Amino acid sequence: MRRAYLNRNHVFVTLAWLTAALVLMAFVALTVGSESIPLASLWPALKQWLTHNNQLGEREVILFSLRLPRIALAVGVGASLALAGAAFQALLRNPLADPHILGISSGAAFGAIVGIITAAQLPFAPNLTRAVFSFAGASIASALVYRLGRREDDPARLVLAGVILSTFLSSLNVLMLSLVDDVRLRNITLWLLGDLSNALTESLLFIGAALLLGLGVLLTQARALNLMMIGAREAFTLGVETTRTRWLVFAAASLLTGAAVAAGGAIGYVGLLTPHLIRLIAGADNRLVLPAAALGGALLTLVADTLARTVIAPRELPTGAITALLGAPLFIYLLLKRR
Amino acid sequence: MNLLTFDDVHFGYDRPVLAGVTLEVRAGEVLALLGTNGAGKSTLLQLGCGTLTPHRGSIHCAGEPLTQLTRREAARRLALVTQANDVHFPLTALEYVLTGRFAHAHAFGFDTEEDVELARQALRDTDAAHFAERRFNQLSSGERQRVVLARALAQQPQLLLLDEPTANADLAHQVALLALVQRLTRERGLGALVITHEINLAAEFADRVALLHEGRLLACGSPAEVLTESLLTKIFATALLVDRNPHSDKPRVSFWSAKGQKPH
C-alpha cells in the first residue's frame, strides 16, 4: 500500500476507495434511523420527490428533508474539520495539532455565540452573522495560539498554549451563555457538544462554499506544506515563500474551522485523528493527505452522526459525544504505538 | 566567478556577532570556514542563504543582491545543509530528497520522472540509495546527514552552504562526504562553503580556508598560508603542532600534549 514516493496512481486509487466508502455510507445513513427505510424504496421515493414536490409522503420527507440534508451537513463539517486539522498539523509540524486542541474551535464557538447574541439586535440574516462571527473567532484564536506557541521545535509548547486558550475561551463561552435566556441556552449547549441535527439550507451553502474555497487554497499549498512539515527555515531555503504560505494556510484552516463550528458545533477528534489514519495508510505527502483527509473526515463524521441518531433512537446523542467516545481511545492507542 | 559575496557584513542580536566580514566564494572551489564556537560561522551561513539579513553591508549571489531574488530563484542557486530536524511525519528518505526539487517544479502537481531520477541519483551520490524507501525518522543521525546532503544535490544549486556536514558521520563517511563535495566543485563547477571543526579534513579538501574569530575574518587563503601554529594557537588558545602530512604535503594539526600546553 505504502510507496517510496507519491505518484498519480496512488493518489487516484486512494481517493477512489475513500469516495466509494463515503457513498456507500451515505446510502446506509439514508436507510437507517428511527424509521427504517429499505434500500429498494429509495429509487421510487427519489422519483416521487423530483416529480411531485408539493405532495410528499412521510417517507419522502424523512429521506429528503431530514436525512439527506443532515448527511450533507455531516459530510461538509467532517471534511472541513479534518482538512483544517491536516493543514494545521503540517504547518505547525505538529502531529498533535487540531482545531479543537489548539482552541480554535473554542474561538469559533465564542465568535458564534457572540454572533447569536448580537444577531438578535441586527437586521441581517442570523445564520450569516453566526458564520461570519465564527470565522472571525477562529481567526483570532489561531493568531493567538500561534503567537503563544511559536517557538520552533517544541510541539508540546504549542499544544499547551492551545489548551490554555481553549479552557479560557470555554469559560468565556459559559459566562456568555449565562447571559442568554433559557430556551436558547439549551440549544447552544447541545450545539457546543457538536450537533448536526439542525441542517439548514443556509448552513449547507456556507459550509459547501467554505469547503470548496478552503480545499482549493490548501491544495495550492500542498507541496509547500510538505516542506513546512520538515521545518519552516528549511522550507524557506528550499524556495517556499514561508510568510505567504503561513498566511494562506492559517486563513484557509480558520475559515474551515469557523464554517464547521458555525454549522455543526464543536465536534472534536475528527481533525486530529483523520489525518493520522490517512498518513498511516497512505503516507505523509500532503498532496494526497489533504484531499484524503477531507474524504476520510466526512466518512468518520457521517459514521459518528449515524450512530448518534440510531443507538438510542428515537432519542439522539450529540455527534461530538460519539466522535469523542470513538476518538479518544483510538488517539491513546496511536500515542502508545508511536513509542 | 564569485557565486556569493559578503561585503562588509555586520550582524548582531543584543551584541555584535559579525563585524565587517568581507568574503567571497568562487565557482569551482571548496572554502572551509573555521573558528571557535560562537565565532559567528553559522550566522554567516544563515546570512548567506537569506534566513537572516545583515544590519549593514551587502550580500550578492552570482552578482545579484540576495534580497532581490525570489525564494525560488535563491533556492535554485544555493542550497543549505544543516543538522537535520526530527521529522514528526512518516516521510521516506526519497520523499525527503524530493522536497529539494520544489524550486524547479510547479508549485502544484506531482513529481516528474526526471525529479525522481535526480533524487535517486543524489541518494546514490551520497551512498544513501539503499535506504531510499525507509522512513527518514528511523535513520541514524549519520544516515540522515547523507540524506540532507542528497536533498541539497537534488536542488541542483550552484553553491553549497554546509554547516558541519560531517558532525555525525563516521570517519569513512566524513572523508567520502568531503571528497564528494570536492568532486562536485571540480566536475560541475559548484562552489562550496563548509563550516567544520575538523581542521585536518579542511586542510586536505579545501582550496581556501577562512578563519573567523569573534565576528571578524582573521585570515583567508590557502591551507598552507592560514593553518599556521601561531594563528591557530591564538584562536583556539591551545598549543597546537602544525606539520605536514607526508602523503599530501598539506598542513597537519595535532595537539602538543593532553594538557594542551607546549613542552618547554
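Reader: Which residue is the bridge partner of V242(B) in β12(B)?

Author: Happy to start there, and do keep in mind that this is a predicted model. Strand β11 of chain B covers residues 240-244, and strand β12 of chain B covers residues 251-255. The two pair in the antiparallel sense over five bridges. In β12(B), the partner of V242(B) is V253(B).

Reader: Which residue takes a positive phi in the hairpin of β11(B) and β12(B)?

Author: Look at the turn of this hairpin, which has six residues between the strands. One residue there takes a positive phi near 65 degrees, and that residue is D249(B).

Reader: What is the strand order in the open sheet of four strands in chain B?

Author: Let's build it up from its pairs. Strand β1 of chain B, residues 2-12, pairs with β2(B) in the antiparallel sense over seven bridges. β1(B) is also joined to strand β4 of chain B, residues 56-61, by five bridges, and these two run antiparallel as well. The sheet as a whole has antiparallel pairing, and its order is β2-β1-β4-β5.

Reader: Why is one side of β2 and of β5 in chain B left without a neighbour in the sheet?

Author: β2 spans 16-26 and β5 spans 64-65 in chain B. Each has one side without a neighbour in the sheet because each stands at an edge, with a single partner strand.

Reader: Which residue of β2(B) does F6(B) stand opposite?

Author: β1(B) and β2(B) form a hairpin with three residues between them. Within this pair, N2(B) has R26(B) as its bridge partner in β2(B). On the β4(B) side, T5(B) has H60(B) as its bridge partner. As for F6(B), the residue opposite in β2(B) is L23(B).

Reader: How many residues of the contact of α1(A) with α3(A) are charged?

Author: Helix α1 of chain A, residues 8-31, and helix α3 of chain A, residues 58-91, have axes that come within 10 Å and cross at roughly 140 degrees. The crossing is right-handed. A26(A), A29(A) and L30(A) of α1(A) meet L63(A), R67(A), L68(A) and I71(A) of α3(A). These contact residues divide into six nonpolar, no polar and, for charged, one.

Reader: Why is α4(A) called oblique to α11(A)?

Author: Helix α4 of chain A, residues 104-119, and helix α11 of chain A, residues 242-264, have axes that come within 9 Å and cross at roughly 55 degrees. Angles under 35 degrees count as roughly parallel and 65 to 115 as roughly perpendicular, so this crossing falls under the remaining name. That makes α4(A), relative to α11(A), oblique.

Reader: How many residues of the contact of α4(A) with α11(A) are polar?

Author: This crossing is right-handed. On the α4(A) side are I104(A), S105(A), A108(A), A109(A) and A112(A), and on the α11(A) side S254(A), T257(A), G258(A), V261(A) and A262(A). The contact residues include six nonpolar and no charged, and the number of polar ones is four.

Reader: How many residues of the side of chain B that touches chain A are nonpolar?

Author: The contact takes 30 residues from chain A and 28 residues from chain B. On the chain B side, α2 (71-77) and α3 (93-98) each supply at least two residues. Seven residues of that side are polar and five charged, while the nonpolar ones number 16.

Conventions:
Residues numbered from 1 in each chain as written. Chains lettered and ligands numbered in written order. Predicted model: local features only at pLDDT ≥ 70, side-chain atom pairs only at ≥ 80, totals over all residues. Pairing = 2+ DSSP bridges. Axes fitted to C-alpha atoms, helices over the stretch in contact; angles between N-to-C directions. Left-handed = near helix turned anticlockwise from the far one by under 90°. Contact = placed C-beta atoms within 7 Å. Nonpolar A, V, L, I, M, F, W, Y, C, P; charged D, E, K, R; others polar. Parallel < 35°, antiparallel > 145°, perpendicular 65-115°, else oblique.
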